[in-house]
Amino acid sequence: MTAQEARLCGLLLREHFGEVVEKIGTHLLRSGAQNLRTIASFLSIFQVKKSLCVLMKHGACRFSIGRKGPGSPVEYQASCERILGILRYPRYIYTAKTLYSDTGELIIEELLQRGHMTMSSIVKMVADRLTHNMEEGRSIEYNEVVSTFSKLVETHFLQRCPPVSEVVPPVSTAPTVPGAPAAPVSTGPPTPESFSDCYLVPSVSLAGRGKRRRSGEDVVLDQGTTKKNRLKPGKLTHGDEGIYWQVNFERFHLHFRDQTIISAVASKLDQTSSEIVRTMLRMSEVTTTPSASCTQALSANEVFRSLPANYSISRPILDQYLTLLVDDPMEFVGKTGDSGGGMYVVNLHKALTNLARATLESVVQEKFGSRSARIFRLLLRKRHLEQKQVEDFAMIPAKEAKDMLYTLMSENLVLLQELPKTPDHAPSRTFYLYTVNQLATARMLLQHCYKAVANLIDRRLFQTKESKRLLEKSQRIEAIMASLQASGAEPEQLTEVEEMISAPEKQQLESLRHHINKLDSAENQVDETIFLLKSYVASTARITR
Amino acid sequence: MKTRVLEEGQLDLLRNSSGLLYRMKDAQSASKMKGSDNQEKLVYQIIEDAGNKGIWTRDMRFKSNLPLTEVNKILKNLESKKLIKAVKSVAASKKKVYMLYNVQPDRSVTGGAWYSDQDFESEFVEVLNQQCFKFLQSKAEVARDSKQSPMIQRNSSFATSHEVWKYICELGISKVDLSMEDIETILNTLIYDGKVEMTIIAAKEGTVGSVDGQMKLFRGVNPIIQPTGLVKTPCGLCPVFDECHEGGEISPSRCIYMTEWLNF
């Protein structure tokens with residue numbers, strides 16, 4: 001939890017949940033686990049309770065028995081990683097859209113906005129939204145939404161929240177926040193996977209269609225439900241109360257990682273090789289643990305059978321492609337045995353290392369130029385080099401090479417290692433070797449990324465604040481226009497209202513919209529870098545543990 | 001008698017493990033030294049021994065035990081007689097090494113093919129760099145377009161260092177002769193640029209271009225990722241990134257780089 005991460009978390013919380021939640025969240029992040037009284041020392045206890053509620057519903061905060069033993073008050077802890085995940089919401093929604101079209105997109109969007117929800121409420125809400133966007137007279141069946149939901153659960157993108165369990169000691173303090181998972185006494189909170197029903201879709205009695213909401217009215221018009229239901233709209237039970245669902249972020253992360261590896265193979269080799277790697281990764285989706293450094297071994301026969309139908313390549317050609325993948329210096333795929341036509345694994349950790357290294361190299365190249373990038377790559381390959389050797393290998397004149405090396409050193413991308421020849425460490429009798437430490441550099445760049453995203457968000461908020469007056473005016477005009485149109489006004493009245501915004505103001509609004517969009521998309525792009533570097537750091541930490 | 005012949009400069013005095021040896025000097029070199037005295041002869045001999053690496057004035061002083069002024073006088077003398085020459089070393093531009101007039105200076109002194117008159121020829125290296133890369137890239141493209149089986153495609157996109165050397169020689173862009181090692185250093189820089197990869201295969205002794213039973217193969221490659229997201233924002237390239245704080249003189253709200261980038 002660094003200063004940059006805390007700043008970014010504060011900005012994200014403020015944007016999504018408001019200032020009160022931001023205050024509580026940042027306080028918890030900075031001070032670690034605390035009980036209710038301590039948190040409430042600078043805010044009213046009612047606000048604190050509500051904020052903790054919100055944070056817990058989104059999984060950003062969890063509670064556990066106090067450190068002093070069973071009798072002490074419950075302590076709350078905020079999770080920095082989960083809050084930073086808010087940055088990635090657009091990517092999750094976009095992935096769901098590409099995989100499961102609009103229905104999937106809306107399901108994920110609703111769940112991300114609300115944290116935990118029951119299946120029936122999700123289905124109803126999504127059906128209503130889809131119907132609203134369709135033409136008049138058409139609506140969507142609940143069953144369609146349910147089938148998409150089941151597909152999402154089958155592929156593990158959605159999971160059940162761990163159920164509230166009885167805490168063992170009888171004198172336990174009841175959790176003050178309702179509807180949230182409880183933690184057992186001994187260890188940390190249970191992972192959702194530790195419950196066997198994690199991916200079990202409950203059988204619910206959901207019959208009906210999406211309802212279209214008429215604007216200006218809150219009454220929901222039925223289209224085919226019984227009279228009894230119409231009288232009591234809020235009292236429908238569907239048999240799945242208490243079963244809450246949440247988005248399985250780990251699964252999405254695995255999917256992103258696979259996508260990055262596949263696109264790297266496609267650009268390095270060719271399309272067919274990337275299809276083969278995609279097949280291999282798809283087959284090992286459910287058999288490989290998320291933290292493995294390489295997938296389970298797959299035999300060439302299995303791969304051949306599971307290739308998609310439109311990629312009909314013959315068996316010998318497939319063998320050739322696999323051999324090429326194995327021989328490639330990037331080592332995406334490795335061969336572990338010869339049974340079954342050859343056993344192949346995808347080297348996840350090596351792939352992540354190579355991708356992280358490519359990221360570092362691209363940053364150096366864009367920031368300092370291609371010759372500095374040459375020196376950087378040279379040092380990554382050869383580990384330790386003297387000044388003279390750097391000049392010789394990179395074929396750069398001595399003066400310029402020195403200059404570049406010193407610039408890289410001042411940015412902490414290149415380190416100096418001293419090797420004394422004599423015990424007195426005299427400078428004239430020491431070797432000075434330049435070296436690059438990939439893991440440390442990756443961590444440093446990760447922090448830079450956090451700072452860059454925080455800067456982008458700051459700038460966006462600043463620009464919005466600057467043009468607040470203009471934005472408010474345009475919103476008022478739009479509201480007036482909408483109401484005029486709904487009540488059937490003449491074209492002259494509409495044009496009169498439109499002219500209330502002058503042309504330069506319109507241009508200003510246009511450019512403001514353009515700026516905000518650019519800043520938004522830049523945030524998403526930096527988030528891709530964040531994801532890659534973070535996966536690499538986490539994977540290396542797992543390997544070295 | 002021996003001393004007289006030595007004095008007249010007709011014999012060389014050498015020492016080996018068993019004792020002293022005498023060697024007859026041939027007439028031509030004997031005539032060269034006529035008119036020089038013993039000290040000059042000594043200096044000349046030391047320079048000759050240094051071969052093509054040359055010898056520095058300070059080392060010369062140590063070896064001959066002569067005072068600095070003497071050594072300088074003798075060196076000037078010999079230079080005017082065109083028996084020795086001074087070559088500036090690339091490693092330290094102030095250092096001068098002396099060697100015999102007709103001896104080619106060693107690569108370590110002049111820097112080899114990449115240095116002309118003590119200046120590193122960056123443009124020359126750049127041009128060679130680009131030419132080699134174009135050659136390898138076009139070879140890889142031809143291989144990819146041939147649509148044969150992947151193994152053949154990959155193998156035909158490889159070029160041995162010998163092939164690249166021949167291509168560069170035929171291009172004729174180089175004034176000096178380049179050896180295969182020179183080309184290999186250029187190809188190595190392409191590897192460090194991330195544009196080319198290399199494999200080594202075992203080759204039969206005697207096949208063209210093989211060195212010690214191995215051949216180096218080079219192949220143009222594509223980068224594995226696009227430029228990363230961080231460098232698409234102004235913050236990724238900002239020179240004052242570390243001094244930027246909200247509320248300070250350099251802050252995101254007032255950043256001029258961001259303003260330029262947004263208006264682009």
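Predicted model: local features only at pLDDT ≥ 70, side-chain atom pairs only at ≥ 80, totals over all residues.
1. An unreviewed UniProt entry lists residues 8-63 of chain A under the name "domain: RNA polymerase III subunit RPC82-related helix-turn-helix". In the model, that span of chain A is 71% helix and 9% strand, and the C-alpha atoms at the ends of residues 8-63 lie 23 Å apart.

2. Is A:H58 buried or exposed? With a relative accessible area of 12%, A:H58 counts as buried, because the cut-off for that class is under 20%. When neighbours within four places in sequence are set aside, the residues in contact with A:H58 are A:F17, A:R82, A:Y89, A:L112, A:Q113, A:R114 and A:G115.

3. Chain A also holds an open sheet of three strands, in the order β4-β6-β5, and the pairing is antiparallel. The edge positions in this sheet are taken by β4 (117-118) and β5 (158-160) of chain A, each of which has a single partner strand, so one side of each is left without a neighbour in the sheet.

4. Two bridges connect β4(A) with β6 (residues 244-247) of chain A in the antiparallel sense; here A:M117 stands opposite A:W245, while A:T118 has A:Y244 as its bridge partner in β6(A). On the pairing with β5(A), three bridges join that strand to β6(A), again running antiparallel, and the bridge partner of A:Q159 in β6(A) is A:Q246.

5. Among the contacts in chain B between residues at least 6 apart in sequence, 45% join residues at least 24 apart. Its accessible surface comes to about 15,800 Å², with 52% of that area belonging to carbon and sulfur atoms.

6. Chain B contains an open sheet of three strands, ordered β8-β10-β9, with antiparallel pairing. Which strands of chain B stand at the edges of this sheet? They are β8 (159-160) and β9 (196-202), and because each has a single partner strand, one side of each is left without a neighbour in the sheet. The antiparallel pairing of β8(B) with β10 (residues 214-220) of chain B extends over two bridges, and within β10(B) it is B:L217 that stands opposite B:T160.

7. A last point concerns the surface of chain B, where B:V127, B:L171 and B:I173 form a nonpolar patch whose accessible area together is about 200 Å². B:V127 belongs to helix α7 (residues 122-145) of chain B. Its relative accessible area of 37% makes B:V127 partly exposed, and the residue can therefore be counted in such a patch, for which the cut-off is over 30% relative accessible area.

Conventions
Residues numbered from 1 in each chain as written. Chains lettered and ligands numbered in written order. Heavy atoms only, no water. Patch = residues over 30% accessible without salt bridge, like charges linked within 9 Å, V, L, I, M, F, W, Y side chains within 5 Å. Areas by Shrake-Rupley, 256 points an atom, 1.4 Å probe, with all protein chains shown as cover. Salt bridge = Lys/Arg side-chain N within 4 Å of Asp/Glu carboxyl O. Helix = DSSP H or I, 4+ residues; strand = E, 2+ residues; numbered from the N terminus. Buried < 20%, exposed > 50% of the residue type's maximum accessible area, 1.4 Å probe, protein only. UniProt positions renumbered as here; feature names shortened; annotations may be inferred. Pairing = 2+ DSSP bridges. Contact = heavy atoms within 4.5 Å.
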